[in-house]
Amino acid sequence: MASNGQLITAFYTSFRNKDYKAMQDCYAENTVFNDEAFKNLNSEEVKAMWEMLCKSGKELSLTFGNVTENETGGTAEWTASYLFSRTGKRVVNNVYAKFVIQNNKIVKHTDTFDFYTWAKQAFGTTGLLLGWTPYFRNKVQTAARENLDNFMKKK
């Protein structure tokens with residue numbers, strides 16, 4: 001059985017390789033995922049999200065490090081560089097990930113990043129002017145949810 005740090009490392013190595021199936025295998029059936037765009041995804045939804053991002057990520061590259069572990073989970077820092085599909089703009093997103101792990105599977109995964117910094121990169125002037133507002137964040141979350149729902153319907 002792998003340690004929590006080994007599981008986290010395997011997850012991000014799979015992500016870097018765009019191997020969404022191996023990423024999906026890291027999750028338990030009762031997983032909950034949250035980040036700045038996607039809220040309260042269940043296991044089926046988070047697995048579909050990674051598949052969608054791996055398949056649609058234009059010029060996606062990923063680095064990760066500072067993997068830590070403890071008895072209940074661990075943390076990691078990762079950076080994704082990609083072209084944001086809606087605008088075609090280059091985004092470099094620095095993310096802090098926190099994991100709760102049980103029976104060698106991820107049961108809770110929370111990613112945090114600076115939404116305003118991301119919005120400025122992804123949306124340019126619009127993100128600069130509105131990216132700090134709850135209204136804009138809500139619009140991004142709604143659009144992300146719709147994209148995921150549409151992706152899952154097509155599967």
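**View 1. Charged side chains of the predicted protein chain.** The protein chain carries 20 positive and 16 negative side chains, with the centres of the two sets 7 Å apart. Lys and Arg count as positive and Asp and Glu as negative, while His and the chain ends are not counted; each charge is placed at NZ of Lys, CZ of Arg, CG of Asp or CD of Glu. The model is predicted: local features need pLDDT of at least 70 and side-chain atom pairs pLDDT 80 or more, whereas totals for chains, interfaces and linings use all residues. Residues are numbered from 1 along each chain as its sequence is written, and side-chain values use heavy atoms, without hydrogens and water.

**View 2. Aromatic cluster.** Phe11, Tyr12, Phe15, Tyr27, Phe33, Trp50, Phe64, Trp78 and Phe99 are linked into a cluster by ring pairs. In total, the structure holds 17 aromatic pairs (rings of Phe, Tyr and Trp, the last by its six-membered ring, with centres within 6.5 Å).

**View 3. Secondary structure elements.** Six helices and five strands are present in the protein chain (DSSP runs of H or I with at least four residues, and of E with at least two). Their order along the sequence is α-α-β-α-β-β-β-β-α-α-α.

View 4. Of the 155 residues in the protein chain, 45% are buried (under 20% relative accessible area, 1.4 Å probe, protein chains only). Among contacts (heavy atoms within 4.5 Å) with a separation of 6 or more, 53% join residues 24 or more positions apart.

**View 5. Extent of the C-alpha trace.** The C-alpha trace of the protein chain spans about 50 × 35 × 30 Å along its principal axes.

Technical notes: Buried means under 20% relative accessible area, exposed over 50%, partly exposed in between (1.4 Å probe, protein chains only). Rings of Phe, Tyr and Trp (its six-membered ring) pair if their centres lie within 6.5 Å; planes under 30 degrees apart count as stacked, over 60 as edge-to-face and the rest as tilted.
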